Every structure is written in structure tokens, then in C-alpha cells.
Amino acid sequence: MTGINLKLKILAALIMVFLFSACATTVIISENLSPAELIQRAQEASDRNRYSVAMQYYEALYQRNQTNLDLIITSEYEIAFIYYKQKKYDMAREKLGQVLEYYNTPDEELLPPHFKKLAQIVLKNIDEKDKSSSKTSAQKKEDNE
């Protein structure tokens, strides 16, 4: 093989490794992890912008704690917030709406109040971004006329 062919093959192999490592990672989540450990690992993944990993931990938290409404709300809010961080505003809005539905019950006072407040703040931010992008689109349209 010539030096150029070898270099091209090495470069192609490195590109393949990079592409496969950049794909969504499926993690094996130990059944022994406590809810606090699941949340901690999810936060660590989210802080590193490994959103698919973080979502897997929050999904595990949700699935394993079906009788604990606090943990259900925690997982649902955090998943919604990941969508927000990814600028997937429609998904974030939908999930945040689901979180707020929990607070439209007589048991609202038993629920963690901070998730209601946070959901309202994020929804407001999404609405402001939507208004801002609408104004920008309208200005571009006017400029083109």
C-alpha cells in the first residue's frame, strides 16, 4: 500500500470511530441505584450535554417509582427541561404542560412547589423566544418587500 492510501484508510477508520461514538449511547442502569443516584447521574450527564444519557436515567427514575408522585414530577420536569435546552420547544412545552397538570388537583399542596414555578418560568421563556422569532420573521418579510 502506498503512504497516501494508508493515510486515507486510517483517516476513514478514525472518522468511523468518531461517528459511532457520537451516536446516542444506551446505558445499562443498575437496578440497585437509588432515586438520588439516578438523579445525580442524570444531572452529571446533562451537565456534559449528554442529553440522551440523562433522559435514560430520568426515564428509569420514572419507571421505577410509579407510586412516588414527587419522583414522577421530578423526572417529567427534568426531561422537559432537557428538551428546552436542546431547543425542542414544542416537546418542552408539551411536557411542561403535563407537569403543570399535576398541580391542577386538590392535592397540589402535597406536591413539590418548585417544579410548578420552574415549569411556569420555562414556559414563559419559550413564549418569549417564540414572540422574538416571530418578530424577526416579520422584520425579514418587511425588509424583503
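Guide: Helices (H or I, at least four residues) and strands (E, at least two) are DSSP runs, numbered from the N terminus. Ser-75 lies in helix α4. This is a predicted model, in which local features need pLDDT of at least 70 and side-chain atom pairs count only at pLDDT 80 or more, while totals for chains, interfaces and linings use all residues. Residues are numbered from 1 along each chain as its sequence is written, and side-chain values use heavy atoms, with hydrogens and water left out.

Visitor: How many helices and strands does the chain come to?

Guide: The chain has six helices and zero strands. Read from the N terminus, the order of elements is α-α-α-α-α-α.

Visitor: Why does Ser-75 count as buried?

Guide: Buried means under 20% relative accessible area, exposed over 50%, and partly exposed in between (1.4 Å probe, protein chains only). Ser-75 has 0% relative accessibility, so it counts as buried.

Visitor: What is Ser-75 in contact with, beyond its neighbours within four places in sequence?

Guide: Contact means heavy atoms within 4.5 Å. With the neighbours within four places in sequence left aside, Ser-75 is in contact with Tyr-58, Leu-61 and Tyr-62.

Visitor: What makes Thr-74 buried?

Guide: Thr-74 is also a residue of helix α4. Its relative accessibility is 12%, and therefore Thr-74 counts as buried. Leaving aside neighbours within four places in sequence, Thr-74 has contacts with Ile-39, Leu-61 and Phe-115.

Visitor: Which backbone oxygen lies 2.7 Å from a polar atom of the Thr-74 side chain?

Guide: That oxygen belongs to Asp-70. A polar contact is a pair of N or O atoms within 3.5 Å; within protein, one must be able to donate a hydrogen and the other to accept it, and residues adjacent in sequence count only if both atoms are side-chain atoms.

Visitor: Why is Ala-36 called exposed?

Guide: Ala-36 is in helix α2. At 56% relative accessibility, Ala-36 therefore counts as exposed.

Visitor: What share of the chain do buried residues make up?

Guide: Of the 145 residues in the chain, 28% are buried.

Visitor: Now the helix pairs. Why are α3 and α4 called roughly antiparallel?

Guide: Axes are lines fitted to C-alpha atoms, for helices over the stretch in contact, and angles run from 0 to 180 degrees between N-to-C directions. Angles under 35 degrees count as roughly parallel, over 145 as roughly antiparallel, 65 to 115 as roughly perpendicular and the rest as oblique. Helix α3 (residues 51-64) packs with α4 at an angle of about 160°, the axes being 8 Å apart. The two helices are therefore roughly antiparallel to each other. Residues making the contact include Tyr-58, Leu-61 and Tyr-62 of α3 and Thr-74 and Ser-75 of α4.

Visitor: How do the residues of that contact divide by class?

Guide: Ala, Val, Leu, Ile, Met, Phe, Trp, Tyr, Cys and Pro count as nonpolar, Asp, Glu, Lys and Arg as charged, and the others, Gly among them, as polar. The contact of α3 with α4 has 11 nonpolar, two polar and four charged residues.

Visitor: What makes α4 roughly antiparallel to α5?

Guide: The axes of α4 (residues 69-85) and α5 (residues 89-101) come within 7 Å and cross at roughly 160°. That angle makes α4 roughly antiparallel to α5. Among the contact residues are Tyr-77 and Ala-80 of α4 and Ala-92 and Leu-96 of α5. By class, the contact of α4 with α5 has 10 nonpolar residues, one polar and two charged.

Visitor: Why do α2 and α3 get the description roughly antiparallel?

Guide: Helix α2 (residues 35-47) and α3 pack at about 160°, with axes 7 Å apart. They are therefore roughly antiparallel to each other. The contact of α2 with α3 divides into 12 nonpolar, two polar and two charged residues.
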